[in-house]
Amino acid sequence: MSAVPIRARRTAGALAALVALASAALLAGPLPAAGAETAAGPAPREVLFVGNNWEGTADVLASTGDLARIGRIDIVPDKAERLREIYLNPVKLGYFLGVRLTAGEGHDQFVDDMYTTPDGTAVVASRPSFADVVSIDLRTGRINWRFPVAGYRADHMALSPDGTRVAVSASTANTVHVLDIATGRQAGSFTTGDKPHENTFTQGGRFLWNSSIGDVTSALDATWLDWTKGDRKITVVDAQTFRPVRTIDMRARLDAFGRSDLSDAVRPMSFSPDESKLYFQVSFFNGVVEYDVAADRITRIKTLPENPATSTDRTTWVNDSRHHGMSMSPDGARLCVAGTMDDYVTVVDRATLAEGPLVPAVKPYWATVDGDGTGCVISESGADRVTAIDFATGTKRVSVPVGDHPQRVRIGHVPEGWTGPAAR
């Protein structure tokens, strides 16, 4: 065969390929111009959600810088309907009033925790007094779905790393539900110790850790009565099958470290970036505990300063919390610790466990890393504001007012240009 027909066939093949590509382009439509938005629209904006627990609202703030307020959303748009339902059921009413008189410090608890969907179109929130989780459309303010939890109170949540599922503690039922964030359908559940509290996904979402804190509302707060608080433990489950893979009772680990005086109720926790170390707070303690995950032992305990003005009457400490709220800088070098009953926040060097300046704060209740990772944002529940603390210097950057009794602060997303739900 001569060389001429071979070249002809190659030319014909190339032309056919170009025709195919052109046809595909026509079917797909014109290519967007440089810098133009895609059909899906602009990417959602990263923000901070601040849950105002007693008010039932969430303030939405800029995630960095001056934390400027962007908008606010009502987390209890169905309040009248829920209250009617509760007041017509004597059992539900009993628990509703019990939450108000104990954990709520005389107030109803309308928003505990919240996360947004990956596209920023909805916020999913746990509502303790209503014993449920709801998804609220950020554009309309309407409820997309509602999931009543087992028992009579909903508590802390966790978002899976891929943003598709939320885990919520049903604190009176010793159960954790895992829900599809888009539909509210339950993917699975598992049992825990008494009063499940904090939830944390690890290893890219492969495992889910839950810590149960026992009864934090009784007045049996003396050290020698700590055993009356119930079954407190960390339950680790496979996040796909929801079967337990590990149970950790910190009582034995604390005793082995020589701290039998400390409670084994694990409160807020933070993993090191490689997840080899776990840092956590326990009931009644002004400090931080370091736990080696692989070695299964406590390696260090840091006691932080006491405020001389803090009452020594442990029954006056909110829900057995002396310190409640902690986050770690993205590089793992520093911990931001909320000294709740001692009215300060401090940044702790992870290598030495030395604390930085004690920044005054009024009943700080939570700590979350800000949008660019250079600081943490704490909720000052006693002053109705949030405050940003610089990780590098340990000093205060800015404080901004929010609603009544802010607690959980979470990074989330809203549609670009969002300033609140549209008027109805």
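Colleague: Leaving aside neighbours within four places in sequence, which residues is P148 in contact with?
Modeller: Bear in mind that this is a predicted model. P148 sits in strand β7, which covers residues 143–148. Once the neighbours within four places in sequence are set aside, the contacts of P148 are A131 and D132.

Colleague: Is P148 buried, partly exposed or exposed?
Modeller: Buried means under 20% relative accessible area and exposed means over 50%. P148 has 46% relative accessibility, so this proline falls in between and counts as partly exposed.

Colleague: And how far apart in space are P148 and Q203, C-alpha to C-alpha?
Modeller: In sequence, 55 residues separate P148 and Q203. In space, their C-alpha atoms are separated by 29 Å.

Colleague: Let's turn to another proline. Which residues does P305 contact, leaving aside those within four places in sequence?
Modeller: P305 belongs to the loop between β19 (297–303) and β20 (326–328). With 23% relative accessibility, P305 counts as partly exposed. Y344 is 39 residues away from P305 in sequence, with 9.7 Å between the C-alpha atoms. Beyond four places in sequence, P305 is in contact with N286, D342, Y344, E355 and L358.

Colleague: Where is S379, and is it buried or exposed?
Modeller: S379 lies in strand β25, residues 375–380. The cut-off for buried is under 20% relative accessible area. S379 has 0% relative accessibility, so S379 counts as buried.

Colleague: What does S379 touch, not counting residues up to four places away in sequence?
Modeller: Some of the partners form a run in sequence: K363, P364, Y365 and W366 are among them.

Colleague: What about the phi of D343?
Modeller: D343 is found in the loop between β21 (334–339) and β22 (344–349). With a relative accessible area of 34%, D343 is partly exposed. This residue is not a glycine either, and its phi is positive, about 55°.

Colleague: On to the helices. At what angle do α2 and α3 pack?
Modeller: Two packed helices are described by the angle between their axes and the distance between the axes. Helix α2 spans residues 79–87 and helix α3 spans residues 90–101, with 7 Å between their axes. The packing angle is about 115°.

Colleague: How many nonpolar, polar and charged residues make up that contact?
Modeller: From α2 come L83, E85, I86 and Y87, while α3 supplies K92, L93, F96 and R100. Sorted by class, the contact of α2 with α3 has five nonpolar, no polar and three charged residues.

Colleague: Finally, for the whole chain, how many strands are there?
Modeller: Buried residues make up 53% of the 424 residues, and the C-alpha atoms fill a box of roughly 100 × 50 × 45 Å along the principal axes. The chain has four helices, and its strands number 28.

Note on methods
Residues are numbered from 1 along each chain as its sequence is written. This is a predicted model: local features need pLDDT of at least 70, side-chain atom pairs count only at pLDDT 80 or more; totals for chains, interfaces and linings use all residues. Side-chain values use heavy atoms; hydrogens and water are left out. Helices (H or I, at least four residues) and strands (E, at least two) are DSSP runs, numbered from the N terminus. Buried means under 20% relative accessible area, exposed over 50%, partly exposed in between (1.4 Å probe, protein chains only). Axes are lines fitted to C-alpha atoms, for helices over the stretch in contact, and angles run from 0 to 180 degrees between N-to-C directions. Contact means heavy atoms within 4.5 Å. Ala, Val, Leu, Ile, Met, Phe, Trp, Tyr, Cys and Pro count as nonpolar, Asp, Glu, Lys and Arg as charged, and the others, Gly among them, as polar.
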